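Subject: Structure handover

Hi,

Here is the structure for you to look over. My notes on it follow below.

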Amino acid sequence: RDSNAAEHDLPAFDPGNFSNPTTIDNQWAPMTPGTHFVYEGTTVEDDGTVVPHRIEVTITDLTKKIGGVDSVVSWDVDYTDNELVEAELAFYAQDDDGNVWRMGEYPEEYDAGKVIAAPTWIHGLADAHAGIDMPAEPKTGTPSYAQGWGPAVGWTDRGQVDAMGQELCVPVDCYKDVLVIAETSQSENNAFQLKSYAPGVGNIHVGWRGEGEKT
């Protein structure tokens, strides 16, 4: 795993640096069991049709040991045009420095109610490697960072601090001191998913920039 990390610019993973990994209190990505997020918007299908899109994220009280580290389990469901298209278990842990790590994902993709794919990556399996989901102290002007590495399923996401100190209003509330992370991957290196985070709350908005912009 060490050579894998060096070759692909992955963060060094030390299971000894996780003394209380399921207490995730990073101000930008707190994960308290029972927290439920609902994101509603639209998406554009291949034929140009604009349809409703809703994602629901629930932080559960379940944990799973991955790479020797107890990890928090989130349950995410994704609906396009009111039809379930994906359900996912995602795994997170916070290290002693305050970084939140993405330890892996188990998604199931659906078509007409049937599972058609499950592109899973879990740290330590099939050359997969955990990555940073949220840095302890994000700062502008810093290099991008791997959010995980799952070569068997083409999972190559990276994040980079895009802006800080922003103001943003969403249907629930208006927020100040918002952090924006730009995410991209090897397969979409000219498209960026822009995720906005409010301190003490977490992810409050998702947008796009570049090729593939849909909304």
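A search of the whole structure turns up one disulfide (a pair of cysteine sulfur atoms within 2.5 Å). Cysteine 169 and cysteine 174 form it, with sulfur atoms 1.9 Å apart. The link is right-handed, at 110° about the S-S bond. Cysteine 169 is exposed, at 52% relative accessible area. Cysteine 174 is partly exposed, at 46%. Here buried means under 20% relative accessible area, exposed over 50% and partly exposed in between, with a 1.4 Å probe and protein chains only.

Before you go on: this is a predicted model, where local features need pLDDT of at least 70, side-chain atom pairs count only at pLDDT 80 or more, and totals for chains, interfaces and linings use all residues. Residues are numbered from 1 along each chain as its sequence is written, and side-chain values use heavy atoms, leaving out hydrogens and water.

Next, the aromatic rings. Rings of Phe, Tyr and Trp (its six-membered ring) pair if their centres lie within 6.5 Å; planes under 30 degrees apart are stacked, over 60 edge-to-face, and the rest tilted. That rule gives five aromatic pairs. One of them joins phenylalanine 13 and tryptophan 101: the centres are 5.5 Å apart and the planes at 70°, so the pair is edge-to-face. The two residues are 88 apart in the chain, and the pair links distant parts of it. Phenylalanine 13 sits in the loop between helix H1 (2-7) and strand S1 (36-44), tryptophan 101 in strand S5 (residues 100-111). Helices (H or I, at least four residues) and strands (E, at least two) are DSSP runs, numbered from the N terminus. Phenylalanine 13 is buried at 16% relative accessibility, and tryptophan 101 is buried at 4%. The rings of phenylalanine 37 and tyrosine 39 are stacked, because their centres are 6.1 Å apart and their planes at 15°. Phenylalanine 37 is buried too, with a relative accessible area of 17%. Phe13, Phe18 and Trp101 make up one aromatic cluster.

Two arginines also sit over rings. The cut-offs: NZ of Lys or CZ of Arg within 6 Å of the ring centre and within 35 degrees of the ring normal. Arginine 54 lies over the face of tyrosine 79, 4.4 Å from the ring centre. The charged end of arginine 209 is over the ring of phenylalanine 192, at 5.4 Å from its centre.

Best wishes
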